[in-house]
Amino acid sequence: MSAVRTQWASPGCLHSPRFSTSSSCMDGSYAEIVVVRHGETEWNADGRIQGHLDVELNEAGKQQAALVADRLSKEPKISAVYSSDLKRALVTAETIAAKCGGLEVITDPDLRERNLGELQGLVFREAAKLSPKAHKAFLSHRTDQDIPGGGESLGHLFQRCTSSLQRIGNKHKGMPDHLSKGERVVVVSHGGVIRSLYKRACPNGKSGGKVLNTSVNIFHLCDEEWTIKSWGDVSHLQQTGYLESGFGGDKTSG
């Protein structure tokens, strides 16, 4: 599997020494998982919180999806495409799958964005005034803090999405001792989910920063060991006019 261009990567996590010294991973039996954030929606552009609400891609988002699909189609073979079942991720995934050999998208609700309860549908800059308790809960660093209105805690989000990626990694890893190589697969998800995946791979690393729409983030999974190979790559959007979008890809994720 060839190296993918890296726009940004945390120096404490990229090419982890733990990974490079593991014989079971050095032989290529790891699963390479290309995690992509969905394309832009009108709510992203407006700074409106989506969470589990099913908002479709806008025209810019569709163009971003086409560009990342074209990019991935020219890279090493994709064996499968997985996605959140929310439309903004699913349509992005379907665009990629069609370009990468007409694959069928496998949906998994565990790849959905964090449920943000009462905050869903609100413009972020107005949330503190319109729903102060939910806004305070959202800003809390406590991993067990639920959000009023049926929203999830950070801990619940972390558990469900990292478990999903682990299942995918287990399914697509190869066999050690060169019996078979691991496969390269795509997972399309959301900003909050991708930030949680980063924390699983880099529990002591710096923040992953903002997760832009259709950014490419590559994970190597070898059993329970996760390594980030590249992070935040949006080179497919350079000079296209579709780069500067990504509301919800940082602490405002949703």
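Reader: Which residues do the ring pairs link into a cluster?

Author: Ring pairs link Tyr198, Phe219, Trp226 and Trp231. Keep in mind that this is a predicted model.

Reader: How many aromatic pairs does the structure hold?

Author: The structure holds 4 aromatic pairs. One of them is Tyr198 with Trp231, at 4.8 Å centre to centre and 55 degrees between the planes.

Reader: Why is the pair of Tyr198 and Trp231 called tilted?

Author: Centres have to lie within 6.5 Å to pair, and planes under 30 degrees apart would be stacked while over 60 would be edge-to-face.

Reader: What about Arg48 and Trp43: why does the charge count as sitting over the ring?

Author: The charged end of Arg48 is 5.8 Å from the centre of the Trp43 ring. The distance limit is within 6 Å, with a further condition of within 35 degrees of the ring normal. The pair is listed as a charge over a ring, so it passes.

Reader: Now the charges. How do you know that Lys173 and Asp223 form a salt bridge?

Author: Their closest N and O atoms are 2.5 Å apart, and the rule asks for within 4 Å, so the pair qualifies. Lys173 lies in the loop between helix 8 and strand 4, and Asp223 in the loop between strand 5 (216–222) and strand 6 (225–233), so the bridge ties together parts that are 50 residues apart in sequence. Lys173 has a relative accessible area of 35% and Asp223 one of 37%, so each is partly exposed.

Reader: Why is Asp108 called buried, but Arg167 partly exposed?

Author: Buried means under 20%, and Asp108 has 14%. Arg167 is at 43%, which falls between the 20% and 50% limits, so partly exposed is the word. The two form a salt bridge, with the closest N and O atoms 3.1 Å apart. Arg167 lies in helix 8 (residues 154–172) and Asp108 in the loop between strand 3 and helix 6 (124–130), so parts 59 residues apart in sequence are tied together.

Reader: What makes Lys74 exposed?

Author: Lys74 is at 64% relative accessibility, and exposed means over 50%. Its salt-bridge partner is Asp70, at 3.0 Å, N to O, and Asp70 is partly exposed at 27%.

Reader: How many salt bridges does the rule give, and which residues are linked in a network?

Author: The count is 16. The network links Glu32, Arg71, Glu75, Arg184, Lys229 and Asp233.

Reader: Last one: how do you know that the span of helix 5 is close to the expected one?

Author: Helix 5 (residues 87–99) has 13 residues and reaches 18 Å from first C-alpha to last, against 18 Å expected at 1.5 Å a residue. Its buried residues, including Leu90 and Ile96, pack against helix 4 (59–73), strand 2 (80–83), strand 3 (105–107) and strand 4 (184–189). Just after the helix, Gly101 takes a positive phi of about 95 degrees.

Notes:
Residues numbered from 1 in each chain as written. Predicted model: local features only at pLDDT ≥ 70, side-chain atom pairs only at ≥ 80, totals over all residues. Heavy atoms only, no water. Helix = DSSP H or I, 4+ residues; strand = E, 2+ residues; numbered from the N terminus. Expected span 1.5 Å × (residues − 1). Buried < 20%, exposed > 50% of the residue type's maximum accessible area, 1.4 Å probe, protein only. Contact = heavy atoms within 4.5 Å. Salt bridge = Lys/Arg side-chain N within 4 Å of Asp/Glu carboxyl O. Phe/Tyr/Trp six-rings, centres within 6.5 Å; stacked < 30°, edge-to-face > 60°.
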